[in-house]
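Biologist: I would be grateful for a close look at a single part of this model, namely the surroundings of the ligands. Please set that part in the context of the whole chain.

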Amino acid sequence: MPAQPITMHNGRLQVPDAPIIPFIEGDGTGPDIWRASQVVFDAAVEKAYGGKKKIEWKEVLAGEKAFNQTGNWLPDETLDAFRSLLVGIKGPLTTPVGGGIRSLNVALRQILDLYVCLRPVQYFTGVPSPVKQPELTDMVIFRENTEDIYAGIEFENGTADCDKFKKLFSEAFPDRWKKVRFPASAGIGIKPVSQEGTARLVRAAIQYAIDNDRRSVTLVHKGNIMKFTEGGFRDWGYEVAKKEFGAAELDGGPWCAFKSPKSGKEIVVKDVIADAMLQQILTRPADYDVIATLNLNGDYISDALAACVGGIGIAPGGNINYVSGHAIFEATHGTAPKYANQDKVNPGSVILSGEMMFRYLGWTEAADLIIKGLNGAIAAKTVTYDFERLMDGAKLVKCSEFGQAVAKHM
Ligand SMILES: NC(=O)C1=CN([C@@H]2O[C@H](COP(=O)(O)OP(=O)(O)OC[C@H]3O[C@@H](n4cnc5c(N)ncnc54)[C@H](OP(=O)(O)O)[C@@H]3O)[C@@H](O)[C@H]2O)C=CC1
Ligand SMILES: O=C(O)CCC(=O)C(=O)O
Ligand SMILES: [Mg+2]
């Protein structure tokens, strides 16, 4: 079975029987989690295909390991591998607060134009949760991944660039400049949100709702305050629903609906302001289904929703460009540095990110086995510290042991 790259032909992924998949271990707890997860992935493929398919893993470097070995945080070879091999997976990478390097995680998404950050949030029976009915939360977040304040256009107060920007801005827009409350010491950030960027994200979310028989797509924004960025997102989102999917306004709008071309059922496209959404995910989670939102809102909502169904230890994700086929799957959580090298944390988020990757590749049998194995390990109450501390009668296992338990229950 020759190891071969995954390719894209006529808008469809071509997946060989032995695809070469690049992976980044990650910083902090990343190496522990990766080791536990790889065991699960290989076991799922072996069990599903009996040796007829296998993954050819290719380690690529980023973050601290890359810096220590090459002096570069994100080497060109790593970017070339993700570019040419199309689909990969990664552990979390550290981003310092304040100064230092900008996020490598965000850089990968931007350089490869992975415009959708797809984060499904579902409840697994038996997982301890802080809410009364966690099973009511069943949402799929489509977070815009390339725009918003994450574009990284910032000016640090006191630098020559910041002074230059303030001068240009104050001269060109004196009325708006007057609104800056403390101009002399202000750092400045810019928030670009475009029609194209919004349209491709919302299009992907609506298509997902059609393909997966979902009831609604909710545009989450703060358009009452940021009218031409967050408000633009809402308006352009509705425009996509109407122009591309034939949605018609309900009761005079702006909510609208169309019949799914696949199931014939109605899919409602609606919107909600982000602060209200963050309280309603606790008070009325069943009202929400597919979520389409901007980059920063999506970051906050991802962690909040993960908490509702049992925490960030089982919150997977994928960064995807549905047009080019490029995708990098990764957990929602970060490096959890205080637990690094203790073989302690929950590898569930990366395991489920791999499950998403297998489904993306069309290897549904392997993906289904991962879900079966995870459900089995949780039902047997063999769980890592994050679940064990909240579960009665659970057996505390290490990160690596949880991976083995998932493999055993497939
Ligand atoms: N995509 C990426 O690579 C991301 C990277 N980051 C980066 O990670 C670093 C650390 O960020 P931080 O804000 O501490 O957020 P983290 O998500 O790394 O950790 C916050 C807390 O979440 C819990 N947690 C995280 N991962 C797990 C896991 N696998 N199993 C169980 N519990 C877990 C722990 O809670 P408890 O203390 O209760 O046990 C942990 O202390 C930063 O540099 C940040 O920029 C952040 C998010 C995403
Ligand atoms: O890149 C980072 O360090 C943080 C990213 C993040 O929080 C996320 O993608 O959810
Ligand atoms: Mg985040």
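Modeller: Helices (H or I, at least four residues) and strands (E, at least two) are DSSP runs, numbered from the N terminus. The model is predicted, so local features need pLDDT of at least 70 and side-chain atom pairs count only at pLDDT 80 or more, while totals for chains, interfaces and linings use all residues. Residues are numbered from 1 along each chain as its sequence is written, and chains are lettered from A and ligands numbered from 1 in the order in which they are written.

I begin with ligand 2. Helix H4 (104-111) and helix H10 (295-308) each supply at least two residues of its shell. A residue is near a molecule if its C-beta atom, placed from the backbone, lies within 6 Å of it. By that rule, Thr 95, Ser 103, Asn 105, Val 106, Asp 299, Ser 302, Thr 332 and Gly 334 surround ligand 2. By class, one is nonpolar, six are polar and one is charged; Ala, Val, Leu, Ile, Met, Phe, Trp, Tyr, Cys and Pro count as nonpolar, Asp, Glu, Lys and Arg as charged, and the others, Gly among them, as polar.

Ser 103 lies in the loop between strand E5 (87-90) and H4. An unreviewed UniProt entry annotates Ser 103 as "modified residue: Phosphoserine"; such annotations, given in the numbering used here with shortened feature names, may be inferred rather than shown by experiment. Ser 103 is partly exposed, because 15 other C-beta atoms lie within 10 Å. On this scale a residue is buried if 20 or more other C-beta atoms lie within 10 Å of its own, exposed if 12 or fewer, and partly exposed in between, with C-beta atoms placed from the backbone.

Around ligand 1 there are 17 residues, of which Pro 92, Thr 95, Gly 313, Gly 334 and Asn 346 come nearest. This shell comprises six nonpolar, nine polar and two charged residues.

The unreviewed UniProt entry lists "binding site" positions including Thr 94, Gly 334, Lys 338, Asn 346 and Arg 389. The listed positions cover 296 residues of sequence and are also spread in space, up to 26.2 Å between C-alpha atoms. Lys 338 is exposed, because it has 10 other C-beta atoms within 10 Å, whereas Asn 346 is buried, with 28. Beyond its neighbours within four places in sequence, Asn 346 is in contact (C-beta atoms, placed from the backbone, within 7 Å) with Gly 313, Ile 314, Thr 384, Asp 386 and Phe 402.

As for the whole, the protein chain has 14 helices and 18 strands. Of its 410 residues, 44% count as buried. Residues 24 or more positions apart account for 72% of its contacts with a separation of 6 or more. The C-alpha trace spans about 65 × 55 × 50 Å along its principal axes.

Technical notes
Two residues are in contact if their C-beta atoms, placed from the backbone, lie within 7 Å.
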